[in-house]
Amino acid sequence: MGEVVLYSSVSVDGFIADENDHPGPLFDWLTSGDVPLDDSGVLKVSQASYDHTRPYWDQIGVTIAGRRVFDMTDGWDGKPPSGIDHVVVVTHRPKPEGWDPEAPFHFVDGVKAAVAKAQELAGDRIVEVAAGDVGGQVLAAGLVDEVRMDVVPVVFGSGKRYFGSVHAQHLLEDPDVVVQGNRVLHLRYRVRR
């Protein structure tokens, strides 16, 4: 089974978006360099960010996201982002009417079912969980192996929290990766068991 990784860009004070779901400058680091991160021609990062991010992205087989993110992105027009093979959407509602049944999106009820489905689809590749409410629920369920953060030098003051509404303490190991890029600090923590 592939590892389960909770991931997102985050403000210094722990937010992944403002109160209106706008990420503000959280993704500016993805266009702050001169090394192409993908084939889009849009994403260009520093060499340090490329060396950290590209190998990670190449290992992701499935992303788990909540229905809110799915709806905000219009389901990425039926194409998983960043070349990922599948997206598992945690939702209590049915898939949207007219949704292409061939699109590699899987709608499940609950985070345990989402992780099980994602691991089945990912095989030995990484299952990435989008930070926020769903990510916090997966962490609270004890299903996260690693936490990755791209910490951006901005303070939001309020907004959507990286760990959602998690209220219990969860211990992480010391960071085993700390990489400084342009306008971002990449951190990786193992979850203490």
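This report describes a predicted model, with attention to one helix, the nonpolar cores and a few loop residues.

Residues are numbered from 1 along each chain as its sequence is written, and because the model is predicted, local features need pLDDT of at least 70, side-chain atom pairs count only at pLDDT 80 or more, and totals for chains, interfaces and linings use all residues. Side-chain values use heavy atoms, with hydrogens and water left out.

**Helix α3**

Helices (DSSP runs of H or I, at least four residues) and strands (DSSP runs of E, at least two) are numbered from the N terminus. Helix α3 takes in residues 111-122, and its end C-alpha atoms are 16 Å apart, in agreement with the 16 Å that 12 residues should span at 1.5 Å a residue; the expected span is 1.5 Å times one less than the number of residues.

Burial is judged by relative accessible area with a 1.4 Å probe and protein chains only: buried means under 20%, exposed over 50%, and partly exposed in between. In α3 the buried residues are V111, A114, V115, A118, Q119 and A122. They lie on the same side of α3, because they cover an arc of only 125 degrees around the axis, where the arc is that of the directions from the helix axis to the C-beta atoms. An α-helix has 3.6 residues a turn, so residues three or four places apart point the same way. The exposed residues K112 and E120 are carried on the face of α3 turned away from its buried side.

Contact here means heavy atoms within 4.5 Å. The cover over the buried residues of α3 includes β1 (4-11), β5 (60-66), β6 (86-90), β7 (105-108), β8 (126-130) and α4 (133-140).

**The nonpolar cores**

A nonpolar core is a set of buried Ala, Val, Leu, Ile, Met, Phe, Trp, Tyr and Cys residues joined through side-chain atoms within 4.5 Å. The largest one has 28 residues, and those with the most contacts inside it are I64, V138, V144, V147 and Y162. At least two residues of this core come from each of β1, β5, β6, α3, β8, α4, β9 (146-152) and β12 (184-190), while α3 supplies the largest share, five residues. Apart from this core lies another, of 16 residues, among them Y7, L26, I60 and V152.

**Loop residues**

S32 lies in the loop between β2 (15-17) and β3 (35-36) and is partly exposed, with a relative accessible area of 25%. Leaving aside neighbours within four places in sequence, S32 is in contact with K44 and N182, and its side chain reaches the backbone oxygen of W29 at 3.0 Å.

Most residues other than glycine have a negative phi.

| Residue | Phi | Loop |
|---|---|---|
| D21 | about 65 degrees | between β2 and β3 |
| D77 | about 55 degrees | between α2 (67-72) and β6 |

D77 counts as exposed, at 67% relative accessibility. A positive phi, near 65 degrees, is also found at G123, which follows α3.

Technical notes:
A polar contact is a pair of N or O atoms within 3.5 Å; within protein, one must be able to donate a hydrogen and the other to accept it, and residues adjacent in sequence count only if both atoms are side-chain atoms.
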